[in-house]
Amino acid sequence: MAQLSEGMHRDLSEALKECTKDVHEQAENTEFMKSFQRGQVSLREFKLYLASLYYIYCALEEESERNKDNPVYAPVHFPAELYRTAALEQDLQYFYGPSWREDIRCHEATQNYVNRLHHVGQYEPELLVAHAYTRYLGDLSGGQILKKIAQKSLHLPSTGEGLAFFNFPGVTNISKFKQLYRARMNSIPMDSATEERILQEARKSFLLNIEVFEELQRLVSQKQPMENSYFAQPKPELRTRGNKMHSPAPVTDRAQMTHSNILPGAPLLRWTLALFFLAATIAVGMYAM
């Protein structure tokens, strides 16, 4: 990692890492991310996660293009190496099919994140550095672990379908690229007031991510009881085991009462019905002859 000369501002990359340490840990300890890291991620959760990322990266990369020549942002603009929108489109196509654009939704917390990115890109472009740092370096680091977890938990193809988001074909050596990225970030000219605003924006970026994770967890939790109640009651079926026939479920007392009331209880009436059925059987037999 490049070292700055004496008299220049402190390393922005180190300051960002230190300033965001607590909110970084908070993001990793959300219920959604803890479940993900334990390998307890469902296909529905993963699809919701990718959809949120799609909206976030569309906004981030739209604003990156807007500010690619801005001297404050240009040093950390690496479109060929880092842009994620096309990869996310590929993954969403894989999971949702051709109609994925109509099937995904931008929920409230994700929309708040998107709105902040657009505001920063249009009115405070120097703060875009904080969002790029938070997202891209995070994806290059922890994202590689999430990739392996998702592939194993969801039984995704070993050929990589559904995991394009986590692949960075333009980065041949992740460790060296991160060193380059941090050195470029440290080279951005800024005063101490601007640096402090970037540090605070990086914290806000993590908090926005936390809100997205919490929202995803709520969406999953809202759906879960309905799914559990449905799958907990399989359709009744008849099963044979050897020569024995097993009924799908025992008849309830109310059902027994209903069935017993179909035939009257009076002995005389039962004998009358029996003689009637016997006569009808004989008549049918004689007709058949």
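Which helix is the place of glutamate 45? Glutamate 45 sits in helix α4, where helices (H or I, at least four residues) and strands (E, at least two) are DSSP runs numbered from the N terminus. A quick note on ground rules: this is a predicted model, in which local features need pLDDT of at least 70 and side-chain atom pairs count only at pLDDT 80 or more, while totals for chains, interfaces and linings use all residues. Residues are numbered from 1 along each chain as its sequence is written, and side-chain values use heavy atoms, with hydrogens and water left out.

**The chain overall**

The chain has 13 helices and two strands. Of its 289 residues, 39% count as buried; buried means under 20% relative accessible area, exposed over 50%, and partly exposed in between (1.4 Å probe, protein chains only). Take the contacts (heavy atoms within 4.5 Å) between residues at least 6 apart in sequence: 78% of them join residues at least 24 apart.

Glutamate 45 is buried, with a relative accessible area of 8%. Not counting residues up to four places away in sequence, glutamate 45 touches Phe32, Gln40 and Val220. Valine 220 is 175 residues away along the chain, yet the two C-alpha atoms are separated by 6.7 Å.

Serine 64 is in helix α4 too, and it is buried, with a relative accessible area of 0%. Leaving aside neighbours within four places in sequence, serine 64 is in contact with Tyr73, His77, Tyr83 and Leu128.

How do the axes of α4 and helix α8 (residues 108–123) cross, and within what distance do they come? They come within 9 Å and cross at roughly 5°. That makes α4 roughly parallel to α8. For reference, axes are lines fitted to C-alpha atoms, for helices over the stretch in contact, and angles run from 0 to 180 degrees between N-to-C directions. Angles under 35 degrees count as roughly parallel, over 145 as roughly antiparallel, 65 to 115 as roughly perpendicular and the rest as oblique. On the α4 side, the residues that meet α8 include Tyr55, Ile56, Leu60 and Arg66; among those they meet in α8 are Tyr113, Val114, Leu117 and His118.

Just after α6, glycine 97 takes a positive phi of about 90°.

Helix α1 (residues 12–19) has Leu12, Ser13, Ala15, Leu16 and Cys19 as its buried residues. They cover an arc of only 165° around the axis, which puts them on the same side of α1. The face turned away from that buried side carries the exposed residues Lys17 and Glu18.

α1 also packs with helix α10 (residues 174–186) at an angle of about 105°, with the axes 7 Å apart. The two are therefore roughly perpendicular to each other. Leu12, Ser13 and Leu16 of α1 make the contact with Arg182, Met185 and Asn186 of α10.

Histidine 155 lies in the loop between α9 (128–153) and α10. Its phi is near 55°, a positive value in a residue other than glycine. Most residues other than glycine have a negative phi.

| Residue | Relative accessible area | Class |
|---|---|---|
| Cysteine 19 | 19% | buried |
| Cysteine 106 | 26% | partly exposed |
| Histidine 155 | 71% | exposed |

Methods. Arc of directions from axis to C-beta.
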